[in-house]
Amino acid sequence: MTHDLIIVGGGPAGLAAGIYGVRAGLSVVIIERAMPGGHAATTHYIENYPGFPEGVSGVELAEKMKQQALRFGVDIVGAEAKSIIKKDKSVVIRTDSRELEAPAVIVAIGTNWKKLNVPGEDELRGRGVSYCATCDGPLFRKRDVAVVGCGNSGIQEGKFLLQFVNSVTFVEFLPHVTAEKMTYDLVKDDRRATFLMNHEVVSINGQVRVESITVKDRKTGEEKKVDVSGVFVYVGLEPSSDFLKEVVELDAKGFVVVSERMETSVPGIFAAGDICSKAIRQVVTACAEGATAAINAYKYIESVK
Ligand SMILES: Cc1cc2nc3c(=O)[nH]c(=O)nc-3n(C[C@H](O)[C@H](O)[C@H](O)COP(=O)(O)OP(=O)(O)OC[C@H]3O[C@@H](n4cnc5c(N)ncnc54)[C@H](O)[C@@H]3O)c2cc1C
């Protein structure tokens with residue numbers, strides 16, 4: 001065994017699990033393929049995580065979680081888990097460069113952005129098409145941009161963009177905004193915000209960079225071009241659970257089915273956070289599930305010693 005507990009994914013769920021795991025006396029490694037903090041680290045401002053009455057920037061919250069995990073002795077390794085193999089008394093995680101083995105694993109890999117799957121999206125990705133306003137927003141100073149999707153993420157990140165850009169055209173497939181009222185209230189009266197409800201993006205256009213989008217009114221079928229330099233896509237999230245498919249039970253959408261103890265269908269493999277099949281995906285729920293998974297992983301490890 002290389003460790004007592006391996007955590008795959010260093011977002012809020014994985015970092016909380018790490019903190020609880022080491023504090024229980026386990027040797028813990030987190031495998032993270034990108035930046036610790038997950039989606040929280042790419043969210044401009046988080047106003048609903050308890051303990052921060054004025055809100056907190058996602059980057060700061062993620063950094064604090066990471067520092068807390070490191071302080072207690074969690075090992076954070078930069079790598080992508082490619083496969084997971086359940087053995088008799090252990091679980092093996094393979095990355096491109098190494099193999100890690102422990103009696104228990106917590107899968108906390110979160111979700112990825114869904115794509116629009118329209119012409120121009122892949123071709124102009126990184127050249128005006130973005131999935132992260134917090135990362136790319138400042139590049140669009142004084143430009144006109146579109147935000148696709150009017151859920152909490154789209155509205156929240158659109159509000160962030162309005163600090164820099166000239167205007168934001170929000171495009172929503174449904175006839176209404178689905179964000180919380182308090183979130184929508186932040187932008188609805190901004191004269192630089194335009195709302196195209198019941199519209200879908202048909203294509204993203206441009207030779208070298210994004211120049212416009214073509215949208216279709218879903219009621220009348222009428223199409224029109226909107227001139228924008230950037231398109232920020234917030235049309236939902238999907239699990240990247242392919243490497244778990246043959247190992248643990250997934251629901252019809254590919255999320256991991258867990259018990260209230262965060263156990264998967266396979267003993268020794270736990271899951272926590274947004275990757276789980278559930279209704280609410282928030283930082284506070286991810287952290288709570290990370291803690292629950294680590295406590296139950298500890299009990300499991302003790303029971304199989
Ligand atoms: C735009 C936006 C705004 C949001 N705003 C809020 C908000 O205001 N308040 C709130 O409470 N919540 C908010 N959320 C939701 C919140 O960010 C998530 O619920 C939370 O981050 C989930 O944590 P997680 O650890 O389960 O997953 P993630 O944050 O998705 O972290 C998963 C991590 O696993 C890593 N990973 C994935 N696959 C692998 C692999 N194979 N190997 C290694 N590492 C891997 C990823 O790189 C990532 O770092 C927002 C989300 C978004 C997208």
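Modeller: Axes here are lines fitted to C-alpha atoms, for helices over the stretch in contact, and angles run from 0 to 180 degrees between N-to-C directions. Helices (H or I, at least four residues) and strands (E, at least two) are DSSP runs, numbered from the N terminus. On that basis the axes of H1 and H7 come within 7 Å and cross at roughly 40°. The model is predicted: local features need pLDDT of at least 70, side-chain atom pairs count only at pLDDT 80 or more, and totals for chains, interfaces and linings use all residues. Residues are numbered from 1 along each chain as its sequence is written.

Colleague: What makes H1 and H3 roughly parallel to each other?

Modeller: H1 and helix H3 (residues 58-72) pack at an angle of about 25°, with their axes 9 Å apart. Angles under 35 degrees count as roughly parallel, over 145 as roughly antiparallel, 65 to 115 as roughly perpendicular and the rest as oblique. H1 and H3 are therefore roughly parallel.

Colleague: Which crossing is left-handed, that of H1 and H3, and which is right-handed, that of H1 and H7, by what rule?

Modeller: A crossing is left-handed if the near helix is turned anticlockwise from the far one by less than a right angle, and right-handed if clockwise. The crossing of H1 and H3 falls under left-handed, and that of H1 and H7 under right-handed.

Colleague: Which residues of H1 meet H7?

Modeller: Among them are Pro12, Ala13 and Tyr20 in H1, and the H7 side includes Val283, Glu289 and Tyr298. Contact requires C-beta atoms, placed from the backbone, within 7 Å. The contact of H1 with H7 has 14 nonpolar, three polar and one charged residue. Ala, Val, Leu, Ile, Met, Phe, Trp, Tyr, Cys and Pro count as nonpolar, Asp, Glu, Lys and Arg as charged, and the others, Gly among them, as polar.

Colleague: How many residues surround the ligand?

Modeller: There are 35, the closest being Gly9, Gly11, Gly38, Gly110 and Gly273. By class, the shell has 14 nonpolar, 15 polar and six charged residues.

Colleague: From which domains does the shell draw at least three residues?

Modeller: From each of domain 1 (5-112 + 237-304) and domain 2 (129-233); the bounds come from an automatic or database domain assignment. The C-alpha centres of domain 1 and domain 2 lie 32 Å apart. Their contact takes four residues from domain 1 and six from domain 2.

How values were computed
Near = placed C-beta within 6 Å. Contact = placed C-beta atoms within 7 Å.
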